[in-house]
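Let's walk through a protein model together, one step at a time.

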Amino acid sequence: MQFKDIVGQRDIINRLTAVVDSGRVSHAQQFVGDERDGSLQLAWAYLQYLCCEHRQHYENGELRADSCGECPNCKKIAQLMHPDLHFIFPNPPNGSTSVSSEDYMKEFRDFMLSTHALGTLNDFNDTLSGDVKTSIIRETDAANIVRVLGMKPYEGGWRMVVVWNADRMNAAAANELLKTLEEPLPQTLIILVDNYDKRLLPTIESRVQTVKMKAESEKWKDVDNPEFAGLLVGWLRMLFKLKMKELSAQVDKMAAMNREQQKLFLQYAMKVMRDCFLNTTAGVECHLGSGDEKFDSQFPKMITTNNIELIQSAFDDAIFAIERNAYAKIVMMELSFRISKALKKR
Ligand SMILES: [Zn+2]
């Protein structure tokens, strides 16, 4: 997971990378947001940046830095296969007293990869069998945190634990965690990922450095433009038919906006694609607003795990090119071909 793949949150990301670069990483942090604000996604990209062997720094653009995405550490963290990165999350009882997150790690990994870490606890629970209403984080999990943080790191760098939905810790687990927070070991990092509306013990909150996500509505404040919906739907329809004359006319409309509007439109389109993807994978409602019910209900099915990354990177490249004053018509045309191709791979 790279920062460039996260929608919005640029100020927060730039602050985080500056702190990592300065070497003053706090050993206990909490990322707080509303559900689907992407706090788990941010934690993932953050740890990848922390471990990256070739961090990239940019002179211009919205991001000051990002992980390289290519080095062995980046690849292992992107695949959630890094031996020093551990996840703790609420898990249902399975009849054994020693049940812990480790027993559900395969399911959790699949869930993270398929939803790009944007799914909620309910979404995850839907993938599990067992009594999910009683999903909690138990003392077995807390003991595992102590154990893995106490081990010698395999890769010689950081030992990292992400606790997702830390408010679901039972009292014994919370007490155990508190002891770990009070006596941190060097080169260890715990990130608690939580919701605004669910609070942790004040004794725990006082020991973690908190990063607050920008709310979803806030994030899209600049992007919401009623004209964008019509423009986007008109363009998407052309991508199926690929009749050059009509597509070209549509692209002309997009290229006629000023640079700032073009960028906002592309960000808006990317958000809609992401919503469609979450609709397909997690059943989240999405509104295309085409005025055509059939299109609105059928289009989201086109965005799946097979093409979301292709789509995302096509938009990223287009935004990057627009920011660098590339010829808008060519950028939009190339984007059209790439999205059209990606849609066929669903
Ligand atoms: Zn890297």
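Let's begin with a pair of packed helices. Helices H11 and H15 cross in a right-handed way; a crossing is right-handed if the near helix is turned clockwise from the far one by less than a right angle, and left-handed if anticlockwise. Helices here are DSSP runs of H or I with at least four residues, numbered from the N terminus.

Before we go further, a word on what you are looking at. This is a predicted model, in which local features need pLDDT of at least 70, side-chain atom pairs count only at pLDDT 80 or more, and totals for chains, interfaces and linings use all residues. Residues are numbered from 1 along each chain as its sequence is written.

Back to our pair. H11 covers residues 244–255 and H15 covers residues 328–344; their axes are 9 Å apart and the packing angle is about 130 degrees. Axes are lines fitted to C-alpha atoms, for helices over the stretch in contact, and angles run from 0 to 180 degrees between N-to-C directions. H11 and H15 are therefore oblique to each other, since angles under 35 degrees count as roughly parallel, over 145 as roughly antiparallel, 65 to 115 as roughly perpendicular and the rest as oblique. On the H11 side, Leu247, Val251, Met254 and Ala255 meet Ala328, Lys329, Met332, Met333 and Ser336 of H15. Being in contact means that the C-beta atoms of two residues, placed from the backbone, lie within 7 Å.

Now compare a second pair, H6 (residues 139–150) and H7 (residues 171–182). Their axes come within 7 Å and cross at roughly 20 degrees, so H6 and H7 are roughly parallel to each other. The crossing of H6 and H7 is left-handed. Among the residues making this contact are Ile145, Val146 and Leu149 of H6, and Ala172 and Leu177 of H7.

Step back to see the whole chain. An automatic or database domain assignment divides the chain into domain 1 (3–214) and domain 2 (220–344). The C-alpha centres of the two domains lie 31 Å apart. Nine residues from domain 1 and ten residues from domain 2 take part in their contact.

How confident is the predictor? With pLDDT, its confidence in each residue from 0 to 100, the chain averages 87, and 97% of the residues score at least 70. Where pLDDT is low, the predicted coordinates should not be read in detail.

How values were computed. Helices (H or I, at least four residues) and strands (E, at least two) are DSSP runs, numbered from the N terminus. pLDDT is the predictor's confidence in each residue, from 0 to 100.
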